[in-house]
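Q: Please examine the structure shown below, so that some questions about its description may be discussed.

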Amino acid sequence: ACQKGAEWQRAIILLVALGHNTVEPTAISYNSASNACERGAQWEMVLALLAIMSQTVLEPDAISYSSATSACGKCTEWQIAVAMIDAMNQNIIELDAICYSSAISACEKSAEWQ
C-alpha cells in the first residue's frame with residue numbers, strides 16, 4: 001500500500017520495524033520498500049536498500065535491481081542506472097526488458113543516448 005502512494009518514508013519505517021520484531025524482513029519486504037522509494041524519486045535510498053540487502057543473507061534479485069535502475073533513471077542518474085546493468089551481469093541476474101528500458105530512459109533523459 002505504501003508503494004502505491006509513494007509514501008517512501010512510511011515504507012522505510014515499516015521495514016525497520018520488521019527488524020525490531022520477531023519477523024525478519026524478506027527480499028519482498030526490501031523490494032516493496034525500494035519500489036516506494038523509487039516512486040518517491042528517492043534513488044539514493046533505493047541504492048542504500050540494495051546495499052543493505054547485499055550485506056545480509058538476502059540476495060538482491062531482478063526486481064531489486066530493476067527498482068534501482070528505474071529510480072536512477074527517473075532522476076537522470078544515467079551512470080548509476082547503467083552500472084546497475086553491469087552489476088546484474090556480474091551477479092548473474094537475468095536482465096529483463098524493464099531493466100534495459102529504465103537504463104535507456106535514464107540515458108535519454110540525460111541526453112546521453114550516443
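Q: How do you know that the radius of gyration of the chain agrees with that of a compact globule?
A: The model is a predicted one. With 114 residues, a compact globule would have a radius of gyration near 13 Å, and the chain has 14 Å; therefore the two values agree. Along the principal axes, the C-alpha atoms fill a box of roughly 50 × 30 × 20 Å.

Q: What makes up the pattern of the chain, read along the sequence?
A: The pattern is α-α-α-α-α-α. The chain has 6 helices and 0 strands.

Q: Why is Ser-34 called buried?
A: A residue counts as buried when its relative accessible area is under 20%. Ser-34 has a value of 4%, and therefore it is buried. Ser-34 is placed in helix α2. Not counting residues up to four places away in sequence, Ser-34 touches Val-46, Leu-49 and Ser-67.

Q: Is Asn-31 buried or exposed, and how do you know?
A: The relative accessible area of Asn-31 is 8%, which is under 20%, so Asn-31 is buried. Asn-31 also lies in helix α2. With neighbours within four places in sequence left aside, its contacts are Met-53, Asp-61, Ile-63 and Ser-64.

Q: Why is Trp-43 called buried?
A: Trp-43 has a relative accessible area of 17%; because the limit is under 20%, Trp-43 is classed as buried. This residue is found in helix α3. Leaving aside neighbours within four places in sequence, Trp-43 is in contact with Ala-71, Cys-72, Cys-75, Glu-77 and Ile-80.

Q: How far apart are Trp-43 and Ala-68 in sequence and in space?
A: They are 25 residues apart in sequence, and their C-alpha atoms are 6.8 Å apart in space.

Q: What makes Ile-85 a buried residue?
A: Its relative accessible area is 10%, and this is under 20%, so Ile-85 is buried. Ile-85 lies in helix α5. Its contacts, with neighbours within four places in sequence left aside, are Leu-95, Cys-99, Tyr-100 and Ala-103. The C-alpha atoms of Ile-85 and Glu-59 are separated by 16 Å, and these residues are 26 apart along the chain.

Q: How much of the chain counts as buried?
A: Of the 114 residues, 40% count as buried. The accessible surface of the chain comes to about 6,700 Å², and 57% of this belongs to carbon and sulfur atoms.

Q: Which residues have the most contacts inside the largest nonpolar core?
A: They are Leu-49 and Tyr-65, in a core of 30 residues. The elements giving two or more residues to this core are α1 (8-20), α2 (27-39), α3 (43-55), α4 (62-74), α5 (78-90) and α6 (97-109). The largest share, 6 residues, comes from α3. In soluble globular proteins, nonpolar side chains tend to be buried together.

Q: Which residues are in contact with Tyr-65, leaving aside its neighbours within four places in sequence?
A: Tyr-65 is in contact with Leu-50, Pro-60, Met-84, Ala-87, Met-88, Asn-91 and Ile-93.

Q: What share of the contacts between residues at least 6 apart in sequence joins residues at least 24 apart?
A: The share is 57% in this chain.

Q: How many positive and negative side chains are there, and how far apart are the centres of the two sets?
A: The chain has 5 positive and 12 negative side chains, and the two centres lie 13 Å apart.

Technical notes: Residues are numbered from 1 along each chain as its sequence is written. This is a predicted model: local features need pLDDT of at least 70, side-chain atom pairs count only at pLDDT 80 or more; totals for chains, interfaces and linings use all residues. Side-chain values use heavy atoms; hydrogens and water are left out. A nonpolar core is a set of buried Ala, Val, Leu, Ile, Met, Phe, Trp, Tyr and Cys residues joined through side-chain atoms within 4.5 Å. Buried means under 20% relative accessible area, exposed over 50%, partly exposed in between (1.4 Å probe, protein chains only). Helices (H or I, at least four residues) and strands (E, at least two) are DSSP runs, numbered from the N terminus. Contact means heavy atoms within 4.5 Å. The radius of gyration is taken over C-alpha atoms; the globule rule is 2.2 Å times the number of residues to the power 0.38. Accessible areas come from the Shrake-Rupley method with a 1.4 Å probe; for residues, only the protein chains shown count as cover. Lys and Arg count as positive and Asp and Glu as negative; His and the chain ends are not counted. The place of a charge is taken as NZ of Lys, CZ of Arg, CG of Asp or CD of Glu.
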